[in-house]
Amino acid sequence: MTTVHSKWMEDNAPDEDVVISTRTRVARNFAGIPFPHMMNEEQAERVIHQVEEASRRLATDPDLGTMGVLRVNYLPPLDREVLVAKHLISPALAKETKPTAVFLRRDEAVSIMVDEEDHLRIQCLLPGFQLGEAWALCSKVDDAFERELGYAFSESRGYLTACPTNVGTGLRASVMVHVPALVMTDQAGQVGSAILKLGLIIRGMYGEGSQAWGNIFQVSNQITLGRSEEDIIDNLRVVAGQIIERERAARQLLIHEHRDALEDRVWRAYGVLTHARRMASVEAYQLLSDVRLGHDMGIIDGLDHGTLNELLVVVRSGWIQKEAGRELDQGERDARRAELIRRILTKT
């Protein structure tokens, strides 16, 4: 946790001008052990131990390798916030007081939360629009652990989960999209309504209950029962493809009809980010959205998606305080945020 970089932040990914990252996640539970909300501490520790033993046996698996393990309930609050900021654990796991853990592949493309809402939440997170690749990797990791551990499974209902909305495949697939042009041209609401009618759901950058800062949204499936994994992936792939097309069309509309206003907005955002001495997080996300759009449309040179993706984490309060080595008050955080953004964007 000493570096900000994770696999999903990499540059030169498919459709990275609109899709920041792709995630697939499956919920799994062990047969014969109560769901996490009903477990005692001894049972929670037993689950972690079983996953650790399975992980050791799978160390030669090319999709896993030697996985690091972090006992989340023992971590300081700032370390937990960093893991949330990097999308490696959920906000819910960060708040847990019972025994919990996360297993991480070296490049952090695979993370396995243990004792969150379910015994296992196996997640694969890749840069850009890579639904097929993310699901293939997630499925391989899931199969490997299923061979080592006995999952709770029903022939009629599929994989059994703590929440009924995850019963069946247990699969949640999502894409994190940056759609500033749809917002600027007042098309976001219309697109969002259409997405909901297709059985998908839109959330903020950090999932359920989070805010959609910086024109960044997560689009994911709602239904896990009665559909195959392939159907879920295919449906999201088609819808995400349509979002990409609509966003690109809206960008072209902006550049053709409002070029001066767009360029002014982009360069003003860049100017503030590279010169401000204080910066609140919400303001930072909005300005970074404008600069990202400027980069994608060729208005600003010298940036790359890897840097812009890392900045999405760097501006978070948890990372700022972790980097500083201590807790900071609001004013100190805003000053430190502005300094980090200036340093990264100007490479000084």
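User: How far does the backbone nitrogen of Gln 130 lie from a polar atom of the side chain of Thr 22?

Analyst: Good place to start: this is a predicted model, in which local features need pLDDT of at least 70, side-chain atom pairs count only at pLDDT 80 or more, and totals for chains, interfaces and linings use all residues. Residues are numbered from 1 along each chain as its sequence is written, and side-chain values use heavy atoms, with hydrogens and water left out. Thr 22 lies in strand E1 (residues 19-28); strands (E, at least two residues) and helices (H or I, at least four) are DSSP runs, numbered from the N terminus. From a polar atom of the Thr 22 side chain to the backbone nitrogen of Gln 130, the separation is 3.0 Å.

User: Which residue has its backbone oxygen 2.5 Å from a polar atom of the side chain of Thr 22?

Analyst: A polar contact is a pair of N or O atoms within 3.5 Å; within protein, one must be able to donate a hydrogen and the other to accept it, and residues adjacent in sequence count only if both atoms are side-chain atoms. Thr 22 touches residues including Phe 129, Leu 131, Ser 174 and Val 175, where contact means heavy atoms within 4.5 Å. The backbone oxygen at 2.5 Å from a polar atom of the Thr 22 side chain belongs to Gly 128.

User: Is Thr 22 buried or exposed?

Analyst: The cut-offs are under 20% relative accessible area for buried and over 50% for exposed, with partly exposed in between (1.4 Å probe, protein chains only). Thr 22 has a relative accessible area of 0%, so it is buried.

User: What arc do the buried residues of H1 cover around the axis?

Analyst: Helix H1 (residues 41-57) has buried residues, namely Gln 43, Ala 44, Val 47, Ile 48, Val 51, Ala 54 and Ser 55. They lie on the same side of H1 because their arc around the axis is only 145°. The arc is that of the directions from the helix axis to the C-beta atoms, and its value for these residues is 145°.

User: Which helix is included in what covers the buried residues of H1?

Analyst: On the other side of H1, Glu 41, Glu 42 and Arg 56 are exposed. The cover over its buried residues includes strand E3 (101-104), strand E4 (110-114) and strand E5 (120-127), along with helix H4 (131-148).

User: Which residue caps the N-terminal end of H1?

Analyst: H1 has 17 residues and reaches 25 Å from its first C-alpha to its last, close to the 24 Å expected; that expected span is 1.5 Å times one less than the number of residues. At the N-terminal end, a side-chain oxygen lies 3.2 Å from the backbone nitrogen of Glu 42, and the capping residue that supplies this oxygen is Asn 40.

User: With which side chain does the side chain of Asn 166 make a polar contact?

Analyst: Asn 166 is placed in the loop between strand E7 (158-159) and strand E8 (171-178), and it is buried, with a relative accessible area of 4%. Beyond four places in sequence, the residues that Asn 166 touches include Arg 25, Glu 117, Asp 118 and Tyr 159. Its side chain makes a polar contact, at 3.0 Å, with that of Arg 172.

User: Which helix gives the most to the lining of the largest cavity?

Analyst: On a 1 Å grid over the protein atoms alone, a cavity is a set of points where a 1.4 Å probe fits but cannot get out, a pocket is an open set with protein on both sides within 12 Å along at least five of seven lines, and lining residues have an atom within 4 Å of a point. The largest cavity is lined by residues including Gly 214, Ile 216, Tyr 285 and Leu 312. Helix H9 (281-296) and helix H10 (305-314) each supply at least two lining residues. With four residues, the biggest contributor is H9.

User: What is the volume of the second largest pocket?

Analyst: Its lining includes Glu 81, Pro 91, Lys 95 and Arg 316, and helices H2 (77-85), H3 (91-95) and H11 (317-324) each supply at least two residues. Grid points are joined across faces, edges and corners, and a volume is the space filled by probe spheres set on the points. For the second largest pocket, that volume is about 150 Å³.
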